[in-house]
Amino acid sequence: MGKNFTLEQIPDMTGKVCIVTGGNTGIGKVCALELVKKNAHVIVASRTPSKALATIEEIKAETKSDKIEFIQLDLLSLASVTKFISEFKAKNLPLHLLLNNAGVMACPFALSEDGIESQFATNHLAHFYLTTQLLPILEQSQPSRIVNVSSSAHKMLLFHGFTLDTLNEKSKYSPSVAYARTKTCNVLFTRELDQRLQKKGVKNLYVNSNHPGIVRTELVRHNGPVLNAIIRQFSIDANDGAITQMYLATSPEVEAKDIHGQYYVPFAEPSTPSGYAATQENQTKLWDFTEKILSEKVPGYAGAGI
Ligand SMILES: NC(=O)c1ccc[n+]([C@@H]2O[C@H](COP(=O)([O-])OP(=O)(O)OC[C@H]3O[C@@H](n4cnc5c(N)ncnc54)[C@H](OP(=O)(O)O)[C@@H]3O)[C@@H](O)[C@H]2O)c1
């Protein structure tokens, strides 16, 4: 498969501040490393300090740069997201890139600290909250970007429907359907947020989503060994897995071609999301549902503000 972009094409990022969720391993770690190599100031937003700090030391050693730091973020806890937001704001930094990369796939049924199904809580809810609360800084820092890492697995929702009301019912839980639902949410959130920004007249905050490819990372930890052996045959490494999101996150083409609200696949190719991820109706349904949860679970929540 030809590549429309390579990591070497990431432009100089001097003066740019970037948050990478899940920047301690897998695709997120490659993104953090490549951004620091190009002189960005990177904040690794991860849940486990020991893992994040080890990665940061590795990246510092490799790049001879100290423009990388850790702020703890556990996406399974809305209180942790609130704390992350206030710690980031206290630094009085601009924000040019929010890379919503962290995710879990097909884990056994569990609830987050706030009582929400864990894949939905991690992959969508916490990222929605984080993103909308950081919007004022992203707007002030234009040109700026948000990249929401989705997956082609969103297409697996095909025979199941975009159901949200039974989300927290263990008896209705299927690990793979729940994952597909969250990756559908990433696409729907991207487009709804983009439309709201456009309506508000925010023209230089570019919001897009992507599928990184089938990538050899720790994401498959809940698959069986046989399935993982099959997947390994046709998967790509994390460097190639980082290409599509790094294109959306950094390429000057995104601004030159005014790319926003779109879904991209390897390697930096525009694509079309599946039916459930393509309707205006599901965008609105997801936005309202998410706002309702946040207003119930976050003390003093004042809404997404857009
Ligand atoms: N790999 C693929 O084939 C593939 C395909 C399509 C889409 N994707 C998407 O690509 C993204 C990156 O995945 P990956 O393949 O790089 O997986 P990975 O190696 O498992 O990395 C996932 C990252 O998310 C973090 N994370 C998970 N739960 C978290 C939480 N509660 N709070 C904060 N961070 C949390 C992990 O932290 P810990 O290290 O602490 O667990 C890790 O840093 C995901 O959104 C995934 O859905 C991957």
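Predicted model: local features only at pLDDT ≥ 70, side-chain atom pairs only at ≥ 80, totals over all residues.

**Notebook: fold and core**

I started with the secondary structure: the protein chain has 10 helices and 8 strands (DSSP runs, H or I of at least four residues for helices, E of at least two for strands, numbered from the N terminus). Its radius of gyration is 18 Å, close to the 19 Å that the globule rule gives for 306 residues, so the chain is as compact as a globular protein of that length (taken over C-alpha atoms; the rule is 2.2 Å times the number of residues to the power 0.38).

Residues are numbered from 1 along each chain as its sequence is written, and side-chain values use heavy atoms, with hydrogens and water left out.

Next I checked burial: 55% of the 306 residues count as buried (under 20% relative accessible area, 1.4 Å probe, protein chains only).

Which residues have the most contacts inside the largest nonpolar core? I found Ile-19, Phe-84, Phe-88, Leu-95, Phe-120 and Leu-134, in a core of 49 residues. Such a core joins buried Ala, Val, Leu, Ile, Met, Phe, Trp, Tyr and Cys through side-chain atoms within 4.5 Å. α4 gives the most to this core, with 11 residues.

I then followed Phe-120: beyond its neighbours within four places in sequence, its contacts include Leu-164, Cys-185 and Phe-289 (heavy atoms within 4.5 Å).

Last, I noted a second, separate core of 38 residues, with Leu-7 and Ala-268 among them.

Key:
Buried < 20%, exposed > 50% of the residue type's maximum accessible area, 1.4 Å probe, protein only.
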